[in-house]
Amino acid sequence: MRYNEKELQALSRQPAEMAAELGMRGPKKGSVAKRRLVKLVVNFLFYFRPDEAEPLGALLLERCRVAQEEPGGFSISFVEDLSRKYHFECCSQEQCQEWMEALRRARNEIRKMTGKDPLEQFGISEEARFQLNSLPRDEQTCTGSQLGVLD
């Protein structure tokens, strides 16, 4: 699917199903978590610097897996390149579960629109897409503020 920059910017300004400041780490080796405003709009996950109106980027939530990485954190990886993994750090385990559920609903919206499960062509089961492997974590801290849903 191709989108132009103006279309994506316009979509990023639409009301979000969910939005919050989260720690976000990209797929590059050595990448460190940075605070980002993360907004879920339809099936796009936009991320912004907290003080800027234009998105830094967007993840199209198709052919992806969402997994809980540790208490209070989850990742999104893509079927065609599992090494392309984005990590997100939430303020609490509850917030993490809310995000994972919202991401599930976004995928279900794709299914409603197209009549097809976007991952069925890859033979990936629902359980495998949303793995809840819990890894121990010594301490959970939260910096920045959680924003609620944006209108």
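**View 1. Surroundings of Ile76 in the predicted model.** Leaving aside neighbours within four places in sequence, Ile76 is in contact with Leu45, Leu59, Leu61, Cys64, Arg65, Val66, Arg84, Lys85, Tyr86, Phe88 and Leu103. The coordinates belong to a predicted model. Among the contacts of Ile76 is Tyr86, which stands opposite Ile76 in β7. Another contact of Ile76, Cys64, counts as buried, at 2% relative accessibility.

**View 2. The largest nonpolar core.** This core has 24 residues, and Leu45, Phe74, Ile76, Phe88 and Trp99 have the most contacts inside it. At least two core residues each come from β1 (18-25), β2 (34-41), β3 (44-48), β5 (64-70), β6 (73-78), β7 (81-89) and α2 (93-114). The element that gives the most is α2, with six residues. Another core, of seven residues, lies apart from this one and includes Ala19, Val41, Phe46 and Phe48.

**View 3. The enclosed strand β6.** Six of the six residues of β6 are buried, so this strand is largely enclosed by the rest of the structure. In a regular strand the side chains alternate between the two faces of the sheet. Within β6, Gly73, Ser75 and Ser77 point one way, whereas Phe74, Ile76 and Phe78 point the other way; all are buried.

View 4. An antiparallel pairing over six bridges links β5 and β6. In this pairing, Phe74 of β6 is the bridge partner of Gln68. The hairpin of β5 and β6 has two residues between the strands, and Gly72 takes a positive phi near 85° there. Strands β6 and β7 also run antiparallel and are joined by six bridges. They form a hairpin with two residues between them.

View 5. Cys96 is in no disulfide, and the nearest cysteine sulfur, that of Cys90, is 4.6 Å away. Cys96 is buried, with a relative accessible area of 0%.

**View 6. The protein chain as context for the close-ups.** The secondary structure comes to three helices and eight strands, and from the N terminus the elements run α-β-β-β-β-β-β-β-α-α-β. Of the 151 residues, 38% are buried. Among contacts with a separation of 6 or more, 52% are between residues 24 or more positions apart. The chain exposes about 8600 Å², of which carbon and sulfur atoms supply 48%.

Definitions and conventions
Residues are numbered from 1 along each chain as its sequence is written. This is a predicted model: local features need pLDDT of at least 70, side-chain atom pairs count only at pLDDT 80 or more; totals for chains, interfaces and linings use all residues. Side-chain values use heavy atoms; hydrogens and water are left out. A nonpolar core is a set of buried Ala, Val, Leu, Ile, Met, Phe, Trp, Tyr and Cys residues joined through side-chain atoms within 4.5 Å. Buried means under 20% relative accessible area, exposed over 50%, partly exposed in between (1.4 Å probe, protein chains only). Helices (H or I, at least four residues) and strands (E, at least two) are DSSP runs, numbered from the N terminus. Contact means heavy atoms within 4.5 Å. A disulfide is a pair of cysteine sulfur atoms within 2.5 Å. Accessible areas come from the Shrake-Rupley method with a 1.4 Å probe; for residues, only the protein chains shown count as cover. Two strands pair if DSSP finds at least two bridges between them.
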